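Welcome! Here is a short tour for anyone opening this structure for the first time. Take a look at the model, then read on.

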Amino acid sequence: MILNLFRKNTANEAVYAVYAAIVAQSRRPIFYAQWGVPDTVTGRFDMICLHLALVFRRLRAESKPVSQFSQAVFDLFFKDMDRSLREMGAGDLSVPKKIQKMGNLFYGLMTSLNEAMDRGDPAEVEDVIRRNLFDGSPDAAADRLTGYLFAEAERLERQPTVSIIGGKIELGDPA
């Protein structure tokens, strides 16, 4: 805990703005009420992960300052997850293990999603979503979420990098 006092905080207003936009988008009721994403801690974590993965996907081939921005958003995400776990009553000794597990889940989802989207394969993206968000349920609304993810990826591609790292990110209406 004392070491946190000496760690450099890489988050600035733009990082907070982008992260806040991702979290706000991830909390949109349509995902839970109409598309069947479980309205649980895990379901909400998964939705934040999906949106983070899209943003990181958009910024992945950019220059060093952009990768530093991405890293700052990533760090803020896990700092927020750490805080949330502690607020939910997780003990100090269990938090690092849970954060590590969350990191593994995030990287697995992001890697699978990127590979499927790089191939332009909606069926594979739907499979990734079904596995990760819906426990493999064949009747889940993974198809809607797949269409939404491809549309959001296109929307993000049209946004200038300088705007995104400046804290202005536009995410669309999933309806």
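Predicted model: local features only at pLDDT ≥ 70, side-chain atom pairs only at ≥ 80, totals over all residues.

Helices here are DSSP runs of H or I with at least four residues, numbered from the N terminus.

**The nonpolar core**

- The largest nonpolar core holds 57 residues, and the ones with the most contacts inside it are Phe-31, Phe-77, Phe-106 and Leu-145.
- Two or more residues of this core come from each of helix H1 (13-26), helix H2 (29-33), helix H3 (41-59), helix H4 (64-87), helix H5 (95-118), helix H6 (122-133) and helix H7 (142-158).
- H3 provides the largest share of the core, with 11 residues.
- Setting aside residues up to four places away in sequence, Phe-106 touches Cys-49, Leu-52, Ala-53, Phe-56, Phe-74, Phe-77 and Phe-78.

**How H6 meets H7**

- The two helices H6 and H7 pack at an angle of about 120°, and their axes are 9 Å apart.
- Because of that angle, H6 counts as oblique to H7.
- The crossing of H6 and H7 is right-handed.
- On the H6 side, the contact is made by Pro-122, Val-125, Glu-126, Ile-129, Arg-130 and Leu-133, while H7 brings Ala-142, Asp-143, Leu-145, Thr-146, Leu-149 and Phe-150.
- Sorted by class, the contact of H6 with H7 has eight nonpolar, one polar and three charged residues.

- Thr-146 sits in helix H7, and it is buried because its relative accessible area of 4% is under 20%.
- Beyond its neighbours within four places in sequence, Thr-146 is in contact with Pro-122, Val-125, Glu-126 and Ile-129.
- Pro-122 belongs to helix H6, and it is partly exposed, with a relative accessible area of 44%.
- Apart from its neighbours within four places in sequence, Pro-122 is in contact with Thr-146 and Phe-150.
- From C-alpha to C-alpha, Pro-122 and Leu-149 are 9.6 Å apart in space, although 27 residues separate them in sequence.

- Is Asp-135 buried or exposed? Asp-135 is exposed, because its relative accessible area of 75% is over 50%.
- Most residues other than glycine have a negative phi.
- Asp-135, a residue other than glycine, has a positive phi near 50°.

Definitions and conventions: Residues numbered from 1 in each chain as written. Heavy atoms only, no water. Core = buried A, V, L, I, M, F, W, Y, C linked by side-chain atoms within 4.5 Å. Buried < 20%, exposed > 50% of the residue type's maximum accessible area, 1.4 Å probe, protein only. Contact = heavy atoms within 4.5 Å. Axes fitted to C-alpha atoms, helices over the stretch in contact; angles between N-to-C directions. Parallel < 35°, antiparallel > 145°, perpendicular 65-115°, else oblique. Left-handed = near helix turned anticlockwise from the far one by under 90°. Nonpolar A, V, L, I, M, F, W, Y, C, P; charged D, E, K, R; others polar.
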